Amino acid sequence: MEYSAIEVAKKVSNRWGNKPENIIEMMHDIQTELNYLPKDVLYEISKYANVPISKIFNIATFYNAFSLKPKGKYKICVCMGTPCHALGAPRIVSALERELDIKCGETTKDMKFSVEITGCVGTCGLAPVVVINEDLYGPVQVSSVPKLIKKYDSK
Amino acid sequence: MKNYRLQLMVCAGTACVSNHSLEIKEALEKEIQNHHIENEAQVVQTGCNGFCGAGPILVVQPDGIFYQLLKVTDVKLIVEEHLIKGRPVKKLLYTPPEEKTPIPKLSDIPFFAEQTLIALRNRGLIDPESIDDYIARGGYKALAKVLTSMTPDEVLNEIKISGLRGRGGGGFPTGVKWETCKKAHGDEKYVICNADEGDPGAFMDRSIIEGDPHSVIEGMIIGAYAIENVKQGYIYVRMEYPLAIKRFQIAINQAREYGLLGKNIFDKGFDFDIEIRRGAGAFVCGESTALMASIEGKPGEPRAKYIHTVEKGLWDKPTCLNNVETWANVPQIILRGGKWFASIGTGDVSEDPWGGSKGTKVFSLAGKVNNTGLVEVPMGITLRDIIFRIGGGIRDGKKFKAVQTGGPSGGFIPESLIDLPVDYEELTKVGSMMGSGGMVVTDEENCIVDMAKYFLAFTQAESCGKCIPCREGTKRMLDILEKITAGHGTEEDLILLEELSNAVVESSLCALGGSAPNPVLTSLKYFRDEYEAHVKGKTCPAHICRQLNVYKIDEKVCLEIGHGCDVCKKYCPDGAIIGERKKVHYIDPAKCGKCGACYDVCNFNAIYIE
């Protein structure tokens, strides 16, 4: 994705009043916009928000929501809440790994899909649940995984 | 306001939306227009009804006819039959499992009939994105009462009389917390709503926010007034709940527009405003000190609480933090009186604030029960009533094994204790806890050792790493559990596991580490035989721990039904499957890595576990 690090940092920092305490919110916005936290943008935002870069990396690596590596166009998150686990979420993860030929936490070579596990998304009535970007699916069965992937692959 | 003959309440909670309830709403509106009855029937989107397993849900008021599991294609039938001819569509109504006659009315369905609604009183009845709907149901009346006719001390007293205790899990008396914060020195104080609902299997807070965000905001304003010197409040919501964040933001904007937030509220010279902060996927941020660190823009690491947050919290100022459900109870207590609230529940709180559990508690019932969803019940109800009467029993007629309450900090409660009343003290006594209210039911097909490992893996991964007992202790405990589930466990491991658990409980810095071993301790206490089966017999009774399973192929099924489809061979990572298309396949036990991939992919159930 094409972006200007200075422009992104300036815009996001301004949105949160350039206040150091809002750095986490700023990082959320960068992640939403670019799908990950590029280093050059983080260096820029460090200047605008007046937060040392070491602190920014501390935050980026502490919180699960942030990623320093680019993610796939479609981020597949398998919910690992208790009900999802009890109703077979680990088998859904293996099915996705088989289907996409990557391990959980990785991204396919064409940058189309990444697979990860996520904390409870709170729709336990639909367990097991899979979230692909903004869309939520449930209950998902092992046998319905290939169809689900195909739906996004052809998009 | 216009009066309609019929109101169609479409559930727009996350679960129903993901199953296309918004498309159903659109289709309903279109169909109603096609039949020119738009002056008689109105379509309203509501918050979560709580009966998430039955979604998408439509309730036709004023009769309260309940439709479940709807599809866009059902809309035409409902409009033509029910709205025009007045005949509810039988096949779309709720039918209890193992029965044939449907129950048309929501209020007659056991799942709803057995509940007492306080925090969830508006669920399914209002549009959560409309402040007018909330006001029409008596919303902000409590705030008006507080600001026009009560002193802050009177408000505080009412909360104390009610016996309300923290609904986030700790059960700390809310009145005591407010009072300590009120007395703390400082002319700048904060209130926080903890909506970082991280417990897996818990979604009470999400439903309250998505269904009735104003009740939380009203509670916070009342709290700020009672504590005094509070000008700013924060709502800390986890980013996994995008719809909740959106609804909160809408609600805050509307409240500002109506002058209920901001400067000089109700012309009483009282200023208060609320901002939202998004969590970033760290479970530990549900802990109060970690949450405050996160709001300050730091990594969410907890600190030792020699000085409580009510004295020195956010930016070292006195801070009162309560859970979503606690705040949502406040307006009702003010309106109906603390005495009324205290009349529900167990024990006596007039002398000792810890003397009983008052009011109701919202639980999210999930796992292997027939009716999954959100239930609000009076304190003191038994677990049996919740699981079997409201929850409708175990799915597929399987045998109940245990109920896990309190999320990863709670414990397993076995069948022998199922008549236990739900109460803060009673649950703690058996090694579990109230927690935020997750209630996950497991049946005979769940392996308790695997479940304990699951919870521990969760807390271990979420440990912030600040203190050693939690960082290292949970890791070593997890190693032992992994060893056991892989079939290499010894009897000494069980003793070591117990010792280590107790050490972690006693020496961890915050509640995350202090309660992380609870699932292990309770499962060891009540289900030791299952651990022993893994350790001594090297078998997993529920066939969940794959390394202990022996996979076999039923030759007859493979050949006659599957015609030797060869799919298992394609997916076997170890090359352990012998055979070719249209012929019988076999598993070579010497090569089999026991990953279970063949078992998952076989379309004919030809592979079984011995």
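Predicted model: local features only at pLDDT ≥ 70, side-chain atom pairs only at ≥ 80, totals over all residues.
Residues are numbered from 1 along each chain as its sequence is written, and chains are lettered from A and ligands numbered from 1 in the order in which they are written.

Now the fold of chain B. Its secondary structure comes to 25 helices and 18 strands; these are DSSP runs numbered from the N terminus, helices being H or I with at least four residues and strands E with at least two. The radius of gyration, taken over C-alpha atoms, is 26 Å for chain B, close to the 25 Å from the globule rule (2.2 Å times the number of residues to the power 0.38), so chain B is as compact as a globular protein of 610 residues.

Next, one sheet. In chain B, 4 strands form an open sheet in the order S2-S1-S3-S4, with mixed pairing; two strands pair if DSSP finds at least two bridges between them. Strand S2 (41-46) and strand S4 (65-67) of chain B are the edges, each pairing on one side only. Strands S1 (residues 6-11) and S3 (residues 58-61) of chain B run antiparallel and are joined by 4 bridges. Leu8(B) has Val60(B) in S3(B) as its bridge partner.

Last, the contact between the chains. It takes 38 residues from chain A and 42 residues from chain B, with two residues in contact if their C-beta atoms, placed from the backbone, lie within 7 Å.
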